[in-house]
Amino acid sequence: MSAACGATTRRPSIDILRTLAIALMVVVHFVENLSGVYGPGGGPMVGVYRHWWLPTGFAAPLFTFLSGVSYHLWLRVQEARGRSDAAISKATIRRGLFLVGLGFAFNVLVWLPEDTFNWDILTLLGAALILLDIARRMPAPVLALACGAVAAVSPALRTAADYASFWTQGYYDYDLTLPDVLLGFLVTGYFPALPWVAFPLAGFLLAPAVFPPAERSGRVRPPAIGIVLVAASAAALTAPSFIPALLPAGSGRWTMFPATTPYLLGTLGAAILALSLLHRLVDHHAGVVATWAGAISRHSLSIYLLHHALHVWPLWIGGSVLHDDATALWQRALPATTSLGLAVAFLVCAAMLFRWMDRNRVPSIETLMRWLCD
Amino acid sequence: MTHQGEQGMDALPPPAGIPDTATRDWVPLTRNETLELLSVPLDAAAAGEGLVPEGLASRAAAWVAEAAARGEPAVSLPLYGTFVAWSGVRAALIGPADRLERMREAVLEFSTLAHELRFIERDLGAALVHVEADSGLAFEFDERAISRRGELAERFRQAVAIRRRLVELAPAIHRPALHPPTLASQIGERLRERTRIADRLEFAGHQAELVERVYEGCGQRASDFMLARRQTMLEWAIVVLLTIETIILLVDLLTVRRA
């Protein structure tokens, strides 16, 4: 989450976008988990079985992209403070391992022990942070090559790993064996390294262009890259109808699970465009929105954990008590509009709570991470 | 040196206390700079005695010294019945009419040298301002300095240009004395000696060497760094491709074992 990097110099554009990603995530999770309706086909991203108004699929790409951007800015601050390379590496790897460990603990406590290795977003962010410690030593063109290679090989690897065989009714279903666990981390889990590491890598790569250091101006134009990626996504969506024989089956669809090439390119392009635009609009005229967004953004990890605990645990407890089955109320607990209202209420309360915590210096999970890792 | 005059301007009236027979004009030197030159012919009596009237010499020296703040410190040079006062911006020549032209040529030649050296010293002063800040890059070049390569190359080019100008200037300044000596050669020699122009040339040479050495080092480090960077890029690209290949093999292996 954002706290993975905790940039010391706050950028309102990043805070606002991260707040947007958190809001999207909270709304989608509340509505889907309390009131979602899945079809027999395994929960397609777009289809009659989904609430058409639910903005699914945008939060995670935006969040992971911003984690790469924040890491670059954090790195710049550390270098400016004269922190040694080894100290930066140690802090980065500790933070990465903290997130991976927290991700497993979260899976056990929230999704119950059988989902320990479902490779959710926390484990992805932790692994990505460790990878970024290597990536920060790479020249920019090589990083771009790595992003391209990840995007290029991911569809083939999904086909090789038989991705569909790991998914049942829209859920990741694995056996507790070493091959399944490793394949889940690499290709088949909820947020596998391939292709999801492309988002933090791209964020890290493009951060100097969006936020150029004072002594130099960037030659790279992030908005142009964003437009090209969105156009490439559109082309990838339409390409299979023209050259179906050359592309793997399903590669021309827009799905989050798996993150197909059009989805990867489109969401990445949109994230780049949104960050570039907001940087121009708000970074020099931060207002009250930025203050509130900063409170949410600073505590995104806490919000991630808290919102799951607040809406998933009652489901398990309610199901166990009322129906003798922990999952009895899963996606059937409330009407969608009520879930939406609860999500909004949660966001408002969280913003007020974390603003109060900031003012009173109350420690949070981010404080613990900094204490442990820095 | 001033920018007040151009060649071909009307002759100016002589300063106060200088005979009307004197001529005063602006002589162009290099780089749009000029020398205000006052030539005072001695009358036949004074020329015959081989003496420059003391009052006339002191008035001419005072006129030259007036402008010394804008140029070099004033130098006065009585020599074989002639008198030369020079300050870089102004010069006054007093002597028999038949010798004035040779005196004028000698003073102009010296002024051109002094003038060029002064420009070199000024350019060196500007270059030395950056040397200390840039010297770190002569030891170690890094990623953040890449954007400064053009600027460093330009400073190296300027350092080489300064060295070239010094090298061109040196033979004229270190010219051996003529034998038998002439009035013109003696004026040139004495002016060079009194203004310590050879010492200044040597100091400028040392400074130019320092500047050149620093920027030569920067160029070498920058070149080494860029080469190493290109090589590192290639190595990293190979690492990335090997990693991807390893992942493909790993997925393939895991899938086979799973099946």
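At what angle do helix 3 and helix 4 of chain A pack, and how far apart are their axes? The legends below start there. The model is predicted.

**View 1. Helix 3 of chain A packs against helix 4 of chain A.** Helix 3 covers residues 85–110, and helix 4 covers residues 121–135. The angle is about 165 degrees, with the axes 7 Å apart. Angles over 145 degrees count as roughly antiparallel, so helix 3 of chain A is roughly antiparallel to helix 4 of chain A. The crossing is left-handed. On the helix 3 side, the contact includes Ser89(A), Ile93(A), Gly96(A), Val100(A), Gly103(A) and Phe104(A). On the helix 4 side, the residues include Leu122(A), Gly126(A), Leu129(A), Ile130(A) and Asp133(A). By class, this contact has 13 nonpolar, six polar and two charged residues.

**View 2. Leu112(A) sits in the loop between helix 3 and helix 4 of chain A.** Leu112(A) is not a glycine, yet has a positive phi of about 75 degrees. Is Leu112(A) buried, exposed or partly exposed? Leu112(A) counts as partly exposed, because 13 C-beta neighbours lie inside 10 Å.

**View 3. Helix 1 and helix 12 of chain A run roughly parallel to each other.** Helix 1 spans residues 12–35, and helix 12 spans residues 300–323. Their axes come within 11 Å and cross at roughly 10 degrees. Angles under 35 degrees count as roughly parallel, and therefore this pair of helices is described that way. Helix 1 of chain A brings Arg18(A), Ile22(A), Val26(A), His29(A), Phe30(A), Asn33(A) and Leu34(A) to the contact. Helix 12 of chain A brings Ser300(A), Ile303(A), His307(A), His311(A), Val312(A) and Leu315(A). These residues divide into seven nonpolar, five polar and one charged.

View 4. Pro195(A) lies in helix 7 of chain A, residues 193–196. Where is Pro258(A) found? Pro258(A) is in the loop between helix 9 (222–242) and helix 10 (261–282) of chain A.

**View 5. Arg361(A) has a positive phi although it is not a glycine.** The phi of Arg361(A) is about 55 degrees. Arg361(A) is in the loop between helix 13 (336–359) and helix 14 (365–373) of chain A. Arg361(A) is exposed, with 7 other C-beta atoms within 10 Å.

**View 6. Chain B touches chain A.** The contact involves 17 residues of chain B and 20 residues of chain A. The chain B side has nine nonpolar, three polar and five charged residues. Chain A contains 14 helices and two strands. Of its 374 residues, 45% are buried. Chain B contains six helices and five strands. Their order along the sequence is β-β-α-α-β-β-β-α-α-α-α. Of the 259 residues in chain B, 29% are buried.

**View 7. The C-alpha atoms of chain B fill a box of roughly 125 × 40 × 25 Å.** The box is taken along the principal axes. Chain B has a radius of gyration of 31 Å, whereas a compact globule of 259 residues would have one near 18 Å. Among contacts in chain B with a separation of 6 or more, 66% join residues 24 or more positions apart.

Terms used:
Residues are numbered from 1 along each chain as its sequence is written. Chains are lettered from A and ligands numbered from 1 in the order in which they are written. This is a predicted model: local features need pLDDT of at least 70, side-chain atom pairs count only at pLDDT 80 or more; totals for chains, interfaces and linings use all residues. Axes are lines fitted to C-alpha atoms, for helices over the stretch in contact, and angles run from 0 to 180 degrees between N-to-C directions. Helices (H or I, at least four residues) and strands (E, at least two) are DSSP runs, numbered from the N terminus. Angles under 35 degrees count as roughly parallel, over 145 as roughly antiparallel, 65 to 115 as roughly perpendicular and the rest as oblique. A crossing is left-handed if the near helix is turned anticlockwise from the far one by less than a right angle, and right-handed if clockwise. Two residues are in contact if their C-beta atoms, placed from the backbone, lie within 7 Å. Ala, Val, Leu, Ile, Met, Phe, Trp, Tyr, Cys and Pro count as nonpolar, Asp, Glu, Lys and Arg as charged, and the others, Gly among them, as polar. The radius of gyration is taken over C-alpha atoms; the globule rule is 2.2 Å times the number of residues to the power 0.38. A residue is buried if 20 or more other C-beta atoms lie within 10 Å of its own, exposed if 12 or fewer, and partly exposed in between; C-beta atoms are placed from the backbone.
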